[in-house]
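I opened this notebook to keep a record of what I looked up.

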Amino acid sequence: MRTTSQGILHEEWQHVLHVHRNWHLQMVREQYLTTQGCSLQRPENQYVYKIGIYGWRKRCLYLFVLLLLIILVVNFALTIWILKVMWFSTDGMGYLRVTENGLRLEGESEFLFPLYAKEIRSRTDSPLLVDSSQNVTVNARNSEGQITGRLTVGPSTVQAHGKHFEVNSNTGRMLFSADENEVVVGADRLRVTGPEGALFEHSVETPVVRAEPFKQLRLESPTRSLCMDAPKGIQIKARAGNVEASSQRDIVFHTSEGMVMLDAETVKLPKLPHGAQGGSGNPQGLYEVCVCPDGKLYLSVAGVGSTCQEYSRVCQ
């Protein structure tokens, strides 16, 4: 029974293949005959579509491409011209050179806006010149942007603002220092050449006060007192002239433990009063100036003759 069913299926499958082969051969034969003997006709209701850009659109596209090409050529020419005029190179631009330590600028330069730099210095064989028609201002700021120091060089004034101002020599020695509390001059000598000298509103501490050669030295206090104080002594010398001390009132020499010494060949008191000869009792209050052998001065009541011997017991 199974063998009979397989035979029927095999015959039906061969019949299907035969029908399909005949249909395929017929189709090929019809295409060949149509190509050889007949011309194909298009249906009347079929439309033809052209693919692409034609007419004025095509001309506008070509014009736009040509314009872009011209702009590209002009830009390239301008770029070459700018590079040539500005002297661009691999090292920098014109007189501006890029080095390992920063920027190097040769020749004169003009800055229209503020310049921020960590260090500005000139070449080793030329000075550094900073010029301005108005003023030159140098500011120093902290990390928060606040100004901590300022140096302004104006048409008529030079101003420096800061907590501390210091001037040092090329060896690092401090020459001048100033702050809110004191002003220190670290040089060996402070020289004042003005005709009016120097005016100090408060005290001055110095080891030596000396005038120029062949010039006079004058210490004066017009409306107040003049006080000179030293822990080890005060020495006044005039090697080629006189020493004068003048006062509207009294001049007092006082020492608490030592003595006042007048070391000279001649000591003159030209304005002592010369009284007339009087009787005993000295009603005019005249005295005689006497000197002990050690140089001590004392007074004795004036008489007809010298009375120093009578009062010499003070020398003992």
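Basis. I worked on a predicted model, where local features need pLDDT of at least 70, side-chain atom pairs count only at pLDDT 80 or more, and totals for chains, interfaces and linings use all residues. Residues are numbered from 1 along each chain as its sequence is written, and side-chain values use heavy atoms, with hydrogens and water left out.

Cysteines. I looked for disulfides, meaning pairs of cysteine sulfur atoms within 2.5 Å, and the count came to one. Cys 290 and Cys 308 form this disulfide, with 1.7 Å between their sulfur atoms. Cys 290 lies in strand 10 (residues 287-291) and Cys 308 in the segment after strand 11 (297-301), so the pair ties together parts 18 residues apart in sequence. I took strands as DSSP runs of E with at least two residues, numbered from the N terminus. The torsion about the S-S bond is about -80°, so I noted the disulfide as left-handed. For accessibility I used relative accessible area with a 1.4 Å probe on protein chains only: buried is under 20%, exposed over 50%, and partly exposed in between. Cys 290 and Cys 308 are both buried. Cys 60 is partly exposed at 42%, and Cys 227 is exposed at 66%.

Aromatic rings. I searched the whole structure and found one aromatic pair. Rings of Phe, Tyr and Trp (its six-membered ring) pair if their centres lie within 6.5 Å; planes under 30 degrees apart are stacked, over 60 edge-to-face, and the rest tilted. Phe 165 and Phe 176 are edge-to-face, at 6.3 Å centre to centre and 65° between the planes. Phe 165 is in strand 7 (residues 165-168) and Phe 176 in strand 8 (residues 174-178), so the pair ties together parts eleven residues apart in sequence. Phe 165 is partly exposed at 40%, and Phe 176 is partly exposed at 29%.

I found an open sheet of three strands in the order 1-2-3, with antiparallel pairing. Two strands pair if DSSP finds at least two bridges between them. Strand 1 (92-93) and strand 3 are the edge strands, each pairing on one side only. Met 93 stands opposite Leu 96 in strand 2.

Pocket. A pocket is an open set of points on a 1 Å grid over the protein atoms alone, where a 1.4 Å probe fits, with protein on both sides within 12 Å along at least five of seven lines; lining residues have an atom within 4 Å of a point. The second largest pocket has 38 lining residues, and among those closest to its centre are Phe 111 and Leu 115. Strand 4 gives the most to this lining, with five residues.

Definitions and conventions. Helix = DSSP H or I, 4+ residues; strand = E, 2+ residues; numbered from the N terminus.
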